[in-house]
Amino acid sequence: FAAQNRCVTREDYLARVYAMPAKFGAVAKAYIIGDSQLDASDVEYPRGRIQNPLALNLYTLTFDAQGKLTPLNQALRENLRTYLSQYRMLTDAINIKTAYIVNIAIEFEVISRPNENANEVLLRCTKRLRDLLSIDRMQINGPINMSNLKSQLDLLQGVESVTDLRIMNRSAIHGNYSKHEYDIETATKNNIIYPSLDPCIFEVKYPNRDIKGKILKP
């Protein structure tokens, strides 16, 4: 009976992380993969990684008082480690790590339909992007589908077509953002922005100022 609560799969571990009692703290985002270490003697990827079948890397983030992503503090990290130790298999080792935060900003241009109020169309588009890119929807190692974002804007009332949609990186050089810089252009393939090799999460930290749009008249 004691073994029935043990974590066997990756999904089991994620479920346990999110089920940790609130008195110990809360983990907002979690992602788990098998442990691997870089082999400096082999410069070809992915053969340059040595897999450790007995270890798991648990990448985590939590929310600060303003609801922005932030690394776990030492107390929360220790609470999580102690909590998971009750459920992990004896042969499993868990490394609790911090996922990289990649802050982004969005600029878009749409053509409104005739006789539509441009301001109202702009508000609908901005709100829709805020919903689609809400941090509640974003996951560690999750990509961003640019085509889907454009399609969602096309469906809105008053939108004739989407002429442009760009996503840019925002880092510490732009203000109070994550220190991590990310080459969005290089990471984009077939209109999909892929995350980095080391697990990261995309975050629109300040939606009110980082989502900007322009309405073009037909």
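Predicted model: local features only at pLDDT ≥ 70, side-chain atom pairs only at ≥ 80, totals over all residues.
## Ground rules

Contact here means heavy atoms within 4.5 Å. With that in hand, let's look at I215: leaving out residues up to four places away in sequence, it touches V110, S112, A118, V121 and L122.

Residues are numbered from 1 along each chain as its sequence is written, and side-chain values use heavy atoms, with hydrogens and water left out.

## The whole chain

The chain has six helices and 11 strands. Both are DSSP runs numbered from the N terminus: helices are H or I with at least four residues, and strands are E with at least two.

Of the 218 residues, 39% count as buried. Buried means under 20% relative accessible area, exposed means over 50%, and partly exposed is in between (1.4 Å probe, protein chains only). Now take the contacts between residues at least 6 apart in sequence: 68% of them join residues at least 24 apart.

## Back to I215

I215 sits in strand 11 (residues 211–216). Its relative accessible area is 18%, so I215 is buried. Along the chain, I215 and S112 are 103 residues apart, yet their C-alpha atoms are separated by 6.5 Å.

I96 belongs to strand 4 (residues 93–98), and T60 to strand 2 (residues 49–63). I96 has 10% relative accessibility, so it counts as buried. T60 is buried too, with a relative accessible area of 0%.

What does T60 touch, not counting residues up to four places away in sequence? The list is V27, K29, L72, L80, I96, K97, T98 and A99. Leaving aside its own neighbours within four places, I96 is in contact with L58, T60, R77, L80 and R81. As for I96 and L72, they are 24 residues apart along the chain, with 9.7 Å between their C-alpha atoms.

## Helix 3 meets helix 4

The axes of helix 3 (residues 118–132) and helix 4 (residues 146–154) come within 10 Å and cross at roughly 140 degrees. Because of that angle, helix 3 is oblique to helix 4. (Angles under 35 degrees count as roughly parallel, over 145 as roughly antiparallel, 65 to 115 as roughly perpendicular and the rest as oblique; they run from 0 to 180 degrees between N-to-C directions, and the axes are lines fitted to C-alpha atoms, for helices over the stretch in contact.)

Which residues make the contact? Helix 3 brings C125, R128, L129 and L132, while helix 4 brings L149, Q152 and L153. Sorted by class, that gives five nonpolar, one polar and one charged residues. Here Ala, Val, Leu, Ile, Met, Phe, Trp, Tyr, Cys and Pro are nonpolar, Asp, Glu, Lys and Arg are charged, and the others, Gly among them, are polar.

## The buried face of helix 4

M146, L149, Q152 and L153 are the buried residues of helix 4. Looking down the helix 4 axis, they fall within an arc of 125 degrees, so they line one face of the helix. That arc is of the directions from the helix axis to the C-beta atoms. Among the elements covering them are helix 3, strand 5 (100–112) and strand 7 (159–170).

## Two asparagines with positive phi

N115 is not a glycine, but it has a positive phi of about 70 degrees. N115 lies in the loop between strand 5 and helix 3, and at 86% relative accessibility it counts as exposed.

N191, also not a glycine, has a positive phi of about 65 degrees. Its loop runs between strand 8 (188–189) and strand 9. Is N191 exposed or partly exposed? At 32% relative accessibility, N191 counts as partly exposed.
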